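Keep the viewer open and follow along.

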Amino acid sequence: MAFKTDKDVLQMAERDGVYFSDYDKELARRDPDAGLSIYTAKKGYNSAKTDADKQYWNQKANSVRSKYGGYSGGSDGSGFMKEDKYFSHDDPYAGRMEAALDKLLGYQDFKNPYQDRIDSTLDKITGRDPFSYDAENDPVFQQYRKTYMREGQRANEDTMGNYAAMTGGMPSTAAVNAASQAQDYYNAKMADKVPELYQLAYRMYADEGEQLMNQLSAMRGLGQDALSAWGANQQLAQSQYDALAGASDRDYNRAFGKWSADHQVDREAVGDSQWQQQHNLNAQSRAQELMNQVLQTGQIPTHDTIVAAGFNDTDAAKIAAYMKEQVNMDRAMQKLQLQGARLRAVGGSSGGGGRSGGKVTKSKGAGFDGNIYAQLAASGAEDYGGAYAILRGMGIEKSDATVIAKSFDEDYYPKYQEEQKEKLKKVKPLPVSTEIQGEYTPFYKYRGR
């Protein structure tokens with residue numbers, strides 16, 4: 001049984017009245033499993049009935065101290081005697097590696113800082129009403145109207161005045177017709193302004209739509225930049241940790257080499273098997289520590305590290321940890337791609353808008369190229385509700401899920417059903433017969449879709 005920290009071991013020792021020297025506490029801090037072994041031996045020592053049993057448990061504890069701490073606790077475990085039979089090493093990079101690992105593990109899932117602005121702009125685009133023009137409500141047209149009506153009335157009066165002067169003030173049909181024609185001229189000029197003002201209003205509507213599209217494109221670009229920066233920073237943290245781990249390994253190898261040289265280890269004298277056993281234990285312990293640290297980052301250790309630690313490449317936990325980080329990155333990329341898909345699904349034209357009668361209009365070829373719909377069908381979706389539930393389960397925003405699920409239900413799935421029916425018609429039935437109470441009964445099976 002292993003404990004995550006030395007506190008678990010020391011709390012058990014305190015609870016059971018098992019004494020730990022300062023040296024044993026330090027060893028438990030560096031290696032909780034070794035501390036647990038000492039705790040077990042001390043507990044056996046305290047419950048021993050004979051001196052032989054006490055000596056047995058004390059030797060067990062001293063064996064752990066010597067092997068993992070390089071010291072002995074003496075005859076009762078309370079002392080300290082330095083030994084050099086086994087190599088021990090205090091890693092000078094341990095603190096910095098732990099800090100770098102905490103930083104690496106502290107990275108949260110990517111969150112687009114521009115998402116709210118993207119959603120707001122997209123809502124403006126998809127919420128625009130279709131273009132329409134009403135001259136009666138156009139203040140510019142009303143100004144033209146006042147001007148031409150005033151000028152037309154003046155022309156009418158001037159014409160009537162001129163005719164009156166010629167006829168001595170007597171009214172005539174010719175005067176009335178001429179005055180009416182003069183006024184109609186200005187009325188015609190007023191009517192001619194309507195198409196011109198219509199085009200002006202349409203250009204303003206189109207320019208507004210184009211401006212919104214440009215804003216959306218800029219926000220999506222900034223979101224992509226933010227994602228790239230997030231990934232780069234995470235990669236930098238990984239590189240920093242790898243550099244410290246490499247320095248730690250080199251320091252360990254130098255220390256072990258110096259220890260071997262200083263003590264002039266004679267493998268032939270102590271026996272090749274004993275030397276090799278200690279060497280293998282040291283190498284495996286280091287490999288297990290390194291593998292554990294790498295796995296915590298969500299990465300896959302090297303094959304040599306895995307083998308040296310006594311494991312194999314098919315460990316599901318390693319793959320799961322690795323895949324989790326990849327899924328997070330894929331979801332972030334998918335989210336940005338879905339925004340583009342939604343924009344294509346509602347129509348990107350700045351002129352005619354994307355709505356008609358309050359409902360989203362779909363242009364030909366809008367949305368995905370079919371892959372997402374095939375995935376929905378393969379996942380068991382058969383209608384709008386099923387597709388929407390699956391999309392939301394994938395973490396897709398409500399607005400995106402609504403558009404895609406609607407397109408799936410109205411466009412893709414009906415065609416998919418027809419295709420499946422046609423495939424089924426082409427499958428030849430296989431006659432399978434059985435005989436029940438002397439009668440021949442035909443059965444038919446089909447080979448799947």
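Is Met81 buried or partly exposed? Its relative accessible area is 45%, and since buried means under 20% and exposed over 50%, Met81 counts as partly exposed. Bear in mind that you're looking at a predicted model. Met81 sits in strand β2, which covers residues 81-82. Set aside residues up to four places away in sequence, and Met81 touches Gly70, Tyr71, Ser72 and Gly74. Ser66 is another one to find: it lies 15 residues from Met81 in sequence, and the C-alpha to C-alpha distance between the two is 9.4 Å.

Now jump to Arg286, in helix α10 (residues 272-296). This arginine has a relative accessible area of 18%, and because the cut-off for buried is under 20%, Arg286 falls in the buried class. What is Arg286 in contact with, leaving aside neighbours within four places in sequence? The partners are Asp91, Ser248, Asp249 and Tyr252.

Next, pick out a whole helix. Helix α6 runs over residues 115-126, twelve residues in total. From first C-alpha to last, α6 reaches 16 Å, close to the 16 Å you'd expect at 1.5 Å a residue. Its buried residues are Gln115, Ile118, Thr121, Leu122, Ile125 and Thr126. Why do they end up on the same side of α6? They cover an arc of only 130° around the axis.

What about a pair of helices? Two packed helices can be described by the angle between their axes and the distance between those axes. Take helix α13 (residues 371-378) and helix α15 (residues 398-426): their axes come within 10 Å and cross at roughly 75°. That angle makes α13 roughly perpendicular to α15. Where they meet, α13 brings Tyr373, Ala374, Leu376 and Ala377, while α15 brings Ile404, Ser407, Phe408, Tyr412 and Tyr416.

Finally, zoom out. The chain holds 15 helices and six strands. Of its 449 residues, 31% are buried. Among contacts with a separation of 6 or more, 59% link residues 24 or more positions apart.

Definitions and conventions. Residues numbered from 1 in each chain as written. Predicted model: local features only at pLDDT ≥ 70, side-chain atom pairs only at ≥ 80, totals over all residues. Heavy atoms only, no water. Helix = DSSP H or I, 4+ residues; strand = E, 2+ residues; numbered from the N terminus. Expected span 1.5 Å × (residues − 1). Buried < 20%, exposed > 50% of the residue type's maximum accessible area, 1.4 Å probe, protein only. Arc of directions from axis to C-beta. Contact = heavy atoms within 4.5 Å. Axes fitted to C-alpha atoms, helices over the stretch in contact; angles between N-to-C directions. Parallel < 35°, antiparallel > 145°, perpendicular 65-115°, else oblique.
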